[in-house]
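Subject: Structure for you to look through

Dear colleague,

Here is the structure I promised to hand over, with its sequence. Please open it beside this message and follow along as you read.

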Amino acid sequence: MKLTRRALLKNSFLLGATAPLSLGSALASNPASAPQQGPITLYGSDKSTTELGLGLRQQGLLPRYEGHFNPLALSALPSGTLAAGFTDESGIVLLTSLLAGRGRILALGRHEADRHQLLSHRGPIIDLMTVETGSWQASLGREYGRLVSTPGRGRHAKELPRAATAANIRELSFLVQL
Amino acid sequence: MSTTQRILPKGVAEADFDAALSLFRDTIGSESVLTESEQLAPYTKFMMAGEDADYIPSAALLPNNAEQVQELVRICNEYKVPIWTISTGKNLGYGSAAPGETGQVILDLHRMNRIINVDPEVCTALIEPGVTYQQLYDYIQEKGYKLWLDPPAPSAIAGPVGNTLDRGVGYTPYGEHFMFQCGMEVVLANGEMIRTGMGGIENSSSWQVFKWGYGPYIDGLFTQSNYGVVTKMGLWLMPEPPAYRPFLIQYQDPEDIAEIVDVLRPLRISQIIPNAVVIVHTLWDAGTHVVRKTYYDGKDSIPREAIERIKQDEGIGEWNVYAALYGTPEQIEINWKIVEQAFGASGKAKIMYGEEAEQRGGGFEYRAALMKGDMNLQEFGLYNWRGGGGSMWFAPVSQAKGSETKDQTELAQQILGKYGFDYVAEYIVGWRDMHHVIDLLYNREDPEETQRAHDCFAELIDEFAKRGYGLYRTNTEFMEQVAGTFGEPLRNVHTALKNALDPNGILSPGKSGIRQ
């Protein structure tokens, strides 16, 4: 799906760009400039997770794949551990609940058939697009990777259209730190 | 949409709040005073149909012991800072770990998680608010004690103190949690500490065995209330019985609910069936492991035709009764005959246990675990039923009589249908009472649907109250409305107690509709 200038403006997403853009490009950044940021535990068990990991890696993070998300396993991870991935509704409920007083929610994503809803607690989602390649999951990984190192603060929500998909599956992503 | 402005407690100047924060840090350490957005974010996640902006904390405090709680409360009194107390923060569907209103400081007691004592002879425990069911379970297993817990459905991560103080229920014979509570330690709003029951007697050995103490019995004042901060609580544990037989009874007709309750009532009152029996509707039984859109993707209530398909495919009934027998093998055999005779009389029931029950669809496995106090998180599957993270528990109380079920079920289905929601429900039959628990599941990411859910819940409260059914518990968004259904005289007493015990109104303002 292409974003019109009007749609971009509506989503506070246009910073001087004029061309229609896809989400894939919207969240892309230059991998070559990515700093080395250290390990991140990655949860999920399908292609989306692999792509998310790719994006995180492009931002200098070192994903360690842990498979299907078990929120209860988070308590065994050392303080300071970064974690990202995909889960279902009950997983998000458990995750956010378990983090109270124990960790930080850096960002959450709700990826519906027709739109992406992103919520950051690390400042605005601003990484704008210069590349029109790759999947939205990889772009999301790059943006999550950027948020890991950003000094931004405050709650910022953004909604973006999602390219039409045959899968019609709701996916929920997260980026947290214990 | 961005939110970066600072959240302050209502009526507190920024300079005063900064001064209070500084004292909080001196008391419990900087690392235990949370003020950053991403640290506070987990305390803003809730499932009820309220506005996000109405439930944002200004800070969270994580004390390690009761003495720190006393000092924090004194500071709050000095600066008139309102605090909202949580224990493990797992009151999901009732407000979760979010404050009662924006600006309140969360007093998060989850780090106070000491198991002070478990006595295997008198079968009691004394614990702090941060102890989870899983933690207590593991402790008991490690010690090799033959004792059972009574966890609610989100068992592993929730805790006995918080659940009991909210008057939650479980599924073993100790299912009415407050009934099996014994002795509290409470920090009052002025920072003083009291012990209830026999706890006031120095070196008393009976604090966890004799509930009443001397003089007025006040433990109930600290449940569903904001009169103090409970920092320790005693509870009774069930001795592991020599034998246990969970069973399942299925009925296929929606009208059968009346018969089920009437057959159950005498068995419950006489303790032939001693545990809190659940009568689970099709959509709840399926919803723990089936996704709605597999059968229906409409925005209105799921139609009867789809419900029948679910019953067929999943091998579950319209009503699915989960109960258990406890005792010696001989006692169980005798009681089983009574159960079979009672439920078999009409010829409508399919009565099962053991492999036959396990092979049926639905939730027999996790229900059987819950009825013996074992942990599991199966019921979280309900959140996948409709998706979108919205859930509110509507739970009116009635007598355990069949005649109370037909109108309630029809009324609930009619109101839920009007707003396009599904009847995902169960009845829990207590000793003489019955909780009609409905999970109003909705897509909280859809503002229009969230508004509908809000209106639906409000109408459920009012319409049930008109017919004499009050709620035993509710979420923070609707506490004020529910308090109103119980009448002004009672509210006036609650307010008088609040004014006497917490004159600055710093403890959980708005809890159960109670304010200064």
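Two strands are said to pair if DSSP finds at least two bridges between them. With that in mind, please also remember that this is a predicted model, and that strands of a sheet pair through backbone hydrogen bonds, either parallel or antiparallel.

One of the residue pairs you can look up is B:V186, whose bridge partner in β10(B) is B:I194.

These two strands belong to an open sheet of five strands in chain B, which follow one another in the order β6-β7-β11-β9-β10 with antiparallel pairing. Because β6 (115-119) and β10 (193-195) of chain B stand at the edges and have a single partner strand each, one side of each is left without a neighbour in the sheet. On average, and with direction ignored, neighbouring strands of this sheet are turned by 10 degrees against each other.

Helices of chain B also meet this sheet. Helix α3 of chain B, residues 66-79, packs on the sheet and touches β9, β10 and β11 (229-236) of chain B, while its direction makes about 45 degrees with that of β9(B). Helix α4 of chain B, residues 133-143, lies across β6 and β7 (124-127) of chain B, and it runs at about 50 degrees to β6(B).

Chain B has another open sheet, in which four strands take the order β2-β3-β5-β4 and the pairing is mixed. Here β2 (33-34) and β4 (83-86) of chain B are the strands at the edges, each with a single partner strand, so one side of each is left without a neighbour in the sheet.

Which strands of this sheet pair in the antiparallel sense over two bridges? They are β2(B) and strand β3 of chain B, the latter covering residues 59-61, and within β3(B) it is B:A60 that stands opposite B:L34. By contrast, β3(B) and β5(B) pair in the parallel sense over three bridges, with B:L107 in β5(B) as the bridge partner of B:L61. The strands β4(B) and β5(B) also run parallel, and four bridges join them; if you look for B:W84, you will find it opposite B:I106 in β5(B).

The axes of helix α6 (residues 257-269) and helix α13 (residues 403-419) of chain B come within 7 Å and cross at roughly 145 degrees, and the crossing of α6(B) and α13(B) is right-handed. In this contact α6(B) takes part through B:I257, B:A258 and B:V261, and α13(B) through B:S403, B:T405, B:K406 and B:T409. By class, these residues divide into three nonpolar, three polar and one charged.

Turning to chain A, its secondary structure comes to five helices and seven strands, and buried residues make up 49% of its 178 residues. Among contacts in chain A between residues at least 6 apart in sequence, 78% join residues at least 24 apart.

Within chain A, helix α3 (residues 47-58) and helix α5 (residues 136-149) pack at an angle of about 40 degrees, their axes being 6 Å apart. The two helices α3(A) and α5(A) are therefore oblique to each other, and α3(A) passes α5(A) in a right-handed crossing. Among the residues that make the contact are A:L52 and A:L56 of α3(A) and A:L140 and A:Y144 of α5(A). The contact as a whole has six nonpolar, eight polar and two charged residues.

Finally, how many residues of chain A are in contact with chain B? There are 27, and they meet 30 residues of chain B. On the side of chain A that touches chain B, the elements that give two or more residues are α4 (89-98), β4 (104-111) and β6 (155-161) of chain A, and the largest share, eight residues, comes from α4(A). The residues on this side of chain A divide into eleven nonpolar, eight polar and eight charged.

With best wishes

Key
Residues are numbered from 1 along each chain as its sequence is written. Chains are lettered from A and ligands numbered from 1 in the order in which they are written. This is a predicted model: local features need pLDDT of at least 70, side-chain atom pairs count only at pLDDT 80 or more; totals for chains, interfaces and linings use all residues. Axes are lines fitted to C-alpha atoms, for helices over the stretch in contact, and angles run from 0 to 180 degrees between N-to-C directions. Two residues are in contact if their C-beta atoms, placed from the backbone, lie within 7 Å. Angles under 35 degrees count as roughly parallel, over 145 as roughly antiparallel, 65 to 115 as roughly perpendicular and the rest as oblique. A crossing is left-handed if the near helix is turned anticlockwise from the far one by less than a right angle, and right-handed if clockwise. Ala, Val, Leu, Ile, Met, Phe, Trp, Tyr, Cys and Pro count as nonpolar, Asp, Glu, Lys and Arg as charged, and the others, Gly among them, as polar. A residue is buried if 20 or more other C-beta atoms lie within 10 Å of its own, exposed if 12 or fewer, and partly exposed in between; C-beta atoms are placed from the backbone.
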